[in-house]
Amino acid sequence: NGSRMHQLNNPTDVIVDQQNQAIIIADRGNRRVVQWMNQNQQVVIENIGCYGLAMDKHGFLYVSDSGNNEVRRWTMGEYNEGVIVAGGNGKGSQVNQLDYPSFIFVDEDQSVYVSDQNNHRVMKWRKDAKEGTIVAGGNGQGANLNQLSYPEGVVVDDSGQIYVADYENHRVMRWCEGKEEGEIVVGGNGKGNQSDQLNNPSGLSFDNKGNLYVVDRLNHRVGKFEIIL
């Protein structure tokens with residue numbers, strides 16, 4: 001734990017840049033995004049309240065900034081200002097605003113999905129949109145099927161179904177865009193450490209066989225789940 005070049009402080013997300021064989025880390029405690037390549041480290045974005053990272057098929061880097069309530073897109077190698085692709089209109093709950101964006105996901109069309117944590121919803125911002133649409137939650141904090149509680153990890157599968165780590169509800173939800181409510185796919189059996197329980201799930205990831213990996217944060221474990229579509 002530290003702020004020197006080879007150190008990190010409370011890193012929140014990591015992605016692999018396949019083109020450059022590099023690892024990119026949201027070094028949140030040091031307010032920077034760093035790139036590690038062949039044991040060489042460099043700061044690629046400075047002075048940013050970074051939380052979530054994503055990369056699209058064109059190699060653009062997306063970073064959520066929970067301090068400024070926005071998501072920006074950056075061109076690799078050109079770290080000037082970045083382009084705002086979600087939020088950027090102050091902290092709030094309007095559809096053009098975010099309140100503590102955490103994890104993000106970018107699909108094939110460069111639409112950005114944002115876990116809008118303090119608004120208890122997931123927003124989808126299409127490319128070049130001026131506002132987002134609510135695709136999960138958005139009905140206040142709660143544990144009903146149409147609600148979320150401090151959502152964290154978000155991933156979208158090939159058929160466009162949205163998976164959300166519903167942090168304070170200790171479950172993973174699946175939402176289809178346009179539906180009024182989601183369904184529980186993992187957990188939902190109260191907070192605990194049994195095999196059918198979670199304790200503050202945060203990160204989500206799919207492998208190429210369709211298995212869902214869940215970072216079960218306060219159980220200090222990662223769960224692997226076969227998801228029935």
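Val215 sits in strand S18, which covers residues 211–216. The model is a predicted one, so keep that in mind as you read.

- Is Val215 buried, partly exposed or exposed? With a relative accessibility of 34%, Val215 comes out as partly exposed, because buried would need a value under 20% and exposed one over 50%.
- Leaving out residues up to four places away in sequence, Val215 touches Asn200, Pro201, Ser202 and Gly203, plus Arg221 and Val222.
- Leu198 is 17 residues from Val215 along the chain, and the C-alpha atoms of the two are 9.2 Å apart.

- Strand S11 (residues 121–125) is largely enclosed by the rest of the structure, because five of its five residues are buried.
- In a regular strand, side chains alternate between the two faces of the sheet.
- Which residues cover each face of S11? Arg121, Met123 and Trp125 are on one side, Val122 and Lys124 are on the other, and all of them are buried.
- So Arg121 and Lys124 count as buried here too, each under the 20% cut-off in relative accessible area.

**Who S11 pairs with**

- Strand S10 (residues 112–116) runs antiparallel to S11, and five bridges join the two.
- Within that pairing, Val112 stands opposite Trp125 of S11, and Trp125 is one of the buried residues of S11.
- S10 and S11 form a hairpin with four residues between the strands. In this hairpin, His120 takes a positive phi near 55 degrees.
- Strand S12 (residues 133–137) also pairs with S11, again in the antiparallel sense, over four bridges.
- Here the facing residues include Met123 in S11 and Ile134 in S12; Met123 is on the side of S11 that also holds Arg121 and Trp125.

- S1 pairs with strand S2 (residues 22–27) over five bridges in the antiparallel sense.
- Across that pair, Ile15 stands opposite Ile24 in S2.

Conventions
Residues are numbered from 1 along each chain as its sequence is written. This is a predicted model: local features need pLDDT of at least 70, side-chain atom pairs count only at pLDDT 80 or more; totals for chains, interfaces and linings use all residues. Side-chain values use heavy atoms; hydrogens and water are left out. Two strands pair if DSSP finds at least two bridges between them. Buried means under 20% relative accessible area, exposed over 50%, partly exposed in between (1.4 Å probe, protein chains only). Contact means heavy atoms within 4.5 Å.
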